[in-house]
Amino acid sequence: MHTKPFFSVIIPAYNCEEYISSSIKSILKQTENDFEILVVDDGSTDKTAEIVNDFVSPSVVLVRTPNSGVSHARNIGIQHASGRFILFLDADDHYSDINSLKCLKESLIADASFPEVLIFGFSVRGIERVEKMMIRCCIN
């Protein structure tokens with residue numbers, strides 16, 4: 001019996017052969033491994049799809065669609081997602097902390113009063129400090 005993953009990480013991708021591997025690897029390195037990675041190739045004309053297909057992990061899934069823009073690619077990813085929570089990661093971004101998903105999962109489990117949650121997070125690295133912020137908003 002296959003259980004649904006806790007997270008579906010959706011990566012919309014268009015002609016990003018230079019950095020898609022780094023994005024995927026940053027997710028695969030996470031200490032929390034209850035996820036699926038859906039890379040939605042939005043009609044790339046470079047080797048993006050080939051690079052994604054080179055990952056042997058069953059957690060990495062390539063979904064191909066004709067070029068229709070990043071919003072359409074995200075919506076296609078949502079349609080294919082099976083996780084309890086959906087996360088978006090741009091193809092040129094990555095998780096710099098290997099405990100990012102672990103901390104997020106623990107936070108979501110600890111605060112069960114939000115059955116549907118929108119999470120927005122970012123990290124800004126300054127010269128002397130790292131600022132992190134997470135905003136939770138209940139969706140009605």
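Reader: Let's begin with strand pairing. In what sense do β1 and β2 pair, parallel or antiparallel, and over how many bridges?
Author: Keep in mind that this model is predicted. Strands β1 and β2 pair in the parallel sense, and seven bridges join them.

Reader: Which residue of β2 is the bridge partner of Ile11?
Author: Ile11 has Val39 in β2 as its bridge partner.

Reader: What do β1, helix α1 and β2 make together?
Author: A right-handed β-α-β unit. Helix α1 covers residues 20-28.

Reader: And how many bridges join β2 to β3?
Author: Six, and these two strands also run parallel. Strand β3 spans residues 60-65. Within that pairing, Val40 stands opposite Val63 of β3.

Reader: Through which helix does the chain cross from β2 to β3?
Author: Through α2, residues 48-53. This β-α-β crossover is right-handed.

Reader: OK, zoom out. How many helices and strands are in the chain?
Author: Four helices and six strands. Along the sequence the pattern reads β-α-β-α-β-α-β-α-β-β.

Reader: Back to β2. How many of its residues are buried?
Author: Eight of the eight residues of β2 are buried, so the strand is largely enclosed by the rest of the structure.

Reader: Which of its residues point which way?
Author: Phe35, Ile37, Val39 and Asp41 point one way from β2. Glu36, Leu38, Val40 and Asp42 point the other way. Both sets are buried.

Reader: Why do side chains alternate like that?
Author: In a regular strand, side chains alternate between the two faces of the sheet.

Reader: Let's pick one. Is Phe35 buried or exposed?
Author: Phe35 is in strand β2, which covers residues 35-42. Phe35 counts as buried because its relative accessibility is 7%, below the 20% cut-off.

Reader: What is Phe35 in contact with, leaving aside neighbours within four places in sequence?
Author: Its contacts are Pro5, Phe7, Ile27, Leu28, Gln30, Ser59 and Leu101. There is also a C-alpha distance to look at: Phe35 and Lys4 are separated by 8.5 Å, though they are 31 residues apart along the chain.

Reader: New topic: the core. How many residues has the largest nonpolar core?
Author: It has 23 residues. Those with the most contacts inside it are Phe7, Ile11, Ile20, Ile24, Ile27, Ile37 and Val39.

Reader: Which elements supply at least two residues each?
Author: β1, α1, β2, β4 and α4 (100-110) do. Strand β1 gives the most, with four residues.

Reader: Take Ile24. What is it in contact with, leaving aside neighbours within four places in sequence?
Author: Ile24 is in contact with Ile11, Ile37, Val39, Val52, Phe55 and Val60.

Reader: What does the second core include?
Author: Among its six residues are Leu38, Val40, Ala73 and Ile76. This core is separate.

Reader: Now the rings. How many aromatic pairs are there?
Author: The count is two. In one of them, the rings of Phe6 and Phe7 have centres 4.9 Å apart and planes at 85°, so the pair is edge-to-face.

Reader: Are those two buried or exposed?
Author: Phe6 counts as buried at 8% relative accessibility. Phe7 counts as buried too, at 0%.

Reader: And why is the pair of Phe6 and Phe85 tilted?
Author: Their planes are at 45°, so the pair is tilted. The ring centres are 5.2 Å apart. This pair links distant parts of the chain, with its residues 79 apart. Phe6 is in the segment before β1 (7-13), while Phe85 is in strand β4, residues 85-88. Phe85 is buried, with a relative accessible area of 9%.

Reader: Which residues do the ring pairs link into a cluster?
Author: Phe6, Phe7 and Phe85.

Reader: Which residue lies over the face of Phe6?
Author: Lys105, at 5.0 Å from the ring centre. Elsewhere, Arg74 lies over the face of Phe88, 5.7 Å from that ring centre.

Reader: Last one. What share of the chain's residues count as buried?
Author: 36% of its 140 residues. As for contacts with a separation of 6 or more, 68% come from residues 24 or more positions apart.

How values were computed: Residues numbered from 1 in each chain as written. Predicted model: local features only at pLDDT ≥ 70, side-chain atom pairs only at ≥ 80, totals over all residues. Heavy atoms only, no water. Phe/Tyr/Trp six-rings, centres within 6.5 Å; stacked < 30°, edge-to-face > 60°. Buried < 20%, exposed > 50% of the residue type's maximum accessible area, 1.4 Å probe, protein only. Lys NZ or Arg CZ within 6 Å of the ring centre and 35° of its normal. Contact = heavy atoms within 4.5 Å. Pairing = 2+ DSSP bridges. Right-handed = clockwise from strand over helix to strand, strands pointing away. Core = buried A, V, L, I, M, F, W, Y, C linked by side-chain atoms within 4.5 Å.
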